[in-house]
Amino acid sequence: MSHSSWVALSFFFAFIGSTLALTYWAAKRTRTAKEFYAAGRSITGFQNGLALAGDYMSAASFLGIAGLVATKGYDGLIYSVGFLVGWPICMFLIAEPLRNLGKFTFADVVAYRLNPRPIRTAAASGAILTVLIYLTAQMVGAGKLVVLLFGELHLQYLHAVIGVGILMMVYVLFGGMKATTWVQIIKAVLLIGGATVLVLMIFWHFDFSPNALFGKVSEEMMKPGKKSPFDRISLGLALMFGTAGLPHILMRFYTVPDAKEARKSVFYATGWIGYFYILTFTIGFGAAVVVGPDAIKSAGGTNMAAPLLAQALGGNAFFGFLSAVAFATILAVVAGLALAGASALSHDLYVGVLKKGVATEREQVLVARVGTIALGVLAVFLGIIFQNQNVAYLVGLAFAVAASANFPALLLSVVWRNFTTAGAVASTGVGLVLSIGLIILGPDVWGPVIAVAPKGQPPTPPIFPLENPAIVSIPAAFIAGIVVSLLTPDPVAQAKFEDEKLRSYAGIGAD
Amino acid sequence: MSDAPRGNLRLLEDPEFKDLARRKNRISLQLTGVTLAVYYGFILLIAFKRDLFAAKISGNVTFGIVLGIGVIVTCWILTGIYVRWANHRYDAMVARLQAKAIHEP
């Protein structure tokens, strides 16, 4: 076994050991539903900012964007920017009302003054679907990453997927939100620290002169690729509004004591995440120059850009460290996703819909744990079934669904007095069906997967021309919500809006 | 999820509450507008002015790199402006209203 594998394995086991110890500590403090879902609302704004960053920065974005920049140049940088711009939107429109109105899930906010059972059914469907797609992306990413990074240890795709599934279940089952939060904080510190060291090594290599680094990047790589403006705008919409509709991100706002801490946490999160994405594309350009696009492609795909650069500049030990960090990154994200999925299953569907809001603490936590096991098993299966899917495309799909099914209903319920139950269900339903339907009819799925042309024939043209459906599905979800609400006026919900306003703006009566 | 005590509904007519809601809406919409303008300005430049991105600004550092970092940093500064406003103004207004509210035991 080589030196790098030993280093990677020791960092890897150190991370697992310390996070399991943390889970043991958290388990003794996780008894009530509020402790399980929201860490007892004991997380500070600064801690939650780091945890949000840890929840959000996935291995797909770290390895994927660095790889995209290294092979395609500026097009990768566009993703770096796109993944950040949803955060200010989240701050200005969603964070404080979400914290003031809800308890554990974003469905709490939508259901606040509307008929809870249909709302929770619709909102939980949107949440669970978003979580499952994102979870599949992370599982597939984990499996592929382990094969690439630890291949010489004869670790297989299947081992990685099952291992990630088991660890994720252990963190969430025993430690709930408290353990998940600290796993995410540790991961954020490791990832941002590791990326910072790698960027310092790049600048060291170029005598701390950005001129020397960028002078070696070809002019064509500094330009965006030729793509239709509609494709660009559609992807931009999905990334921007998807961030404010991701259930595992929204759920984190309930871990802080009040709206003030919620708002502070977005400020810290935006700073960390923005800094991280600037590092990520710098690493990409560094890899393009030091390692070279051809060497990256031949080493097993674009995902290897950052690890190969680490090896070239920092030797095998640093390569091992960064590999372990990449794996820790996946664990932190899947734990957050599992918790968000479990809360939609138990808090929204079981307690809210089946039990009409009446359940004991014990029952709520028990059902949430059963939900976690169900999700963990499902995630492993999905990771195996979809192992040949492109990870970046699955992440794009999750953002499109979040932006179309979750975000419009959430925003309308907070700002619009005349929003009704039927309007909310219509908005979520239209967003869900259109975002998924148009992706199936689009160029990534229709020609290559469904209407596959016979050999020798030209590929079947897609029915929907854009890769990302957001430019159609987000406006459609808003229109459906508004039109259906106007057709089904609900005086009771309108009257309750006054009450909601007091709580949403001033936190009076907030949980 | 208990509703706010009915007695607090009188606060809706309080000029201080109306002022608070108006100010909060205004700054939220303004900052959202700036964010949208900055980001979609960036996207439209990418779509229609791709050659501009390789233009060298200082030494070998290109317009595209500076613009990309600029958009990210601007977003962060915008969240900072909001937090500063909220910590200084909004929280004080909220505290005055909460003092007037009847709290459930």
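**View 1. Helices α4(A) and α5(A) pack at an angle of about 150°, with their axes 6 Å apart.** Here α4(A) covers residues 59-72, and α5(A) covers residues 74-84. Helices are DSSP runs of H or I with at least four residues, strands are runs of E with at least two, and both are numbered from the N terminus. Axes are lines fitted to C-alpha atoms, for helices over the stretch in contact, and angles run from 0 to 180 degrees between N-to-C directions. On the α4(A) side, look for Ser61(A), Ile65(A), Leu68(A), Val69(A) and Lys72(A). They meet Asp75(A), Gly76(A), Leu77(A), Tyr79(A), Ser80(A) and Phe83(A) of α5(A). Two residues are in contact if their C-beta atoms, placed from the backbone, lie within 7 Å. This contact has 6 nonpolar, 3 polar and 2 charged residues. Ala, Val, Leu, Ile, Met, Phe, Trp, Tyr, Cys and Pro count as nonpolar, Asp, Glu, Lys and Arg as charged, and the others, Gly among them, as polar.

A word on what you are looking at: this is a predicted model, in which local features need pLDDT of at least 70 and side-chain atom pairs count only at pLDDT 80 or more, while totals for chains, interfaces and linings use all residues. Residues are numbered from 1 along each chain as its sequence is written, and chains are lettered from A and ligands numbered from 1 in the order in which they are written.

**View 2. Helix α4(A) also meets α15(A), their axes crossing at roughly 145° and coming within 9 Å.** From α4(A) come Ala59(A), Phe62(A), Leu63(A), Ala66(A), Gly67(A) and Ala70(A). Their partners in α15(A) are Ala305(A), Ala306(A), Ala326(A), Thr329(A) and Ile330(A). The residues here are 9 nonpolar and 2 polar, with no charged ones.

**View 3. The largest nonpolar core has 229 residues.** Such a core is a set of buried Ala, Val, Leu, Ile, Met, Phe, Trp, Tyr and Cys residues joined through C-beta atoms within 7 Å. A residue is buried if 20 or more other C-beta atoms lie within 10 Å of its own, exposed if 12 or fewer, and partly exposed in between, with C-beta atoms placed from the backbone. Val110(A), Ala287(A) and Leu331(A) have the most contacts inside the core. Helix α15(A), residues 305-354, gives the most to it, with 31 residues. Leaving aside residues up to four places away in sequence, Ala287(A) touches Ala66(A), Ala70(A), Ile296(A), Ala305(A), Ala306(A), Leu308(A) and Leu309(A).

**View 4. Chain A meets chain B through 48 residues of chain A and 51 of chain B.** Several helices of chain A each supply at least two residues to this side, among them α5(A), α6(A) and α21(A). The largest share, 10 residues, comes from α13(A). The chain A side divides into 27 nonpolar, 9 polar and 12 charged residues.

**View 5. Chain B has 2 helices and 2 strands, whereas chain A has 21 helices and 0 strands.** From the N terminus on, the elements of chain B run α-β-β-α. The C-alpha trace of chain B spans about 65 × 25 × 25 Å along its principal axes. Of the 105 residues of chain B, 28% count as buried; for the 511 residues of chain A, the share is 64%.
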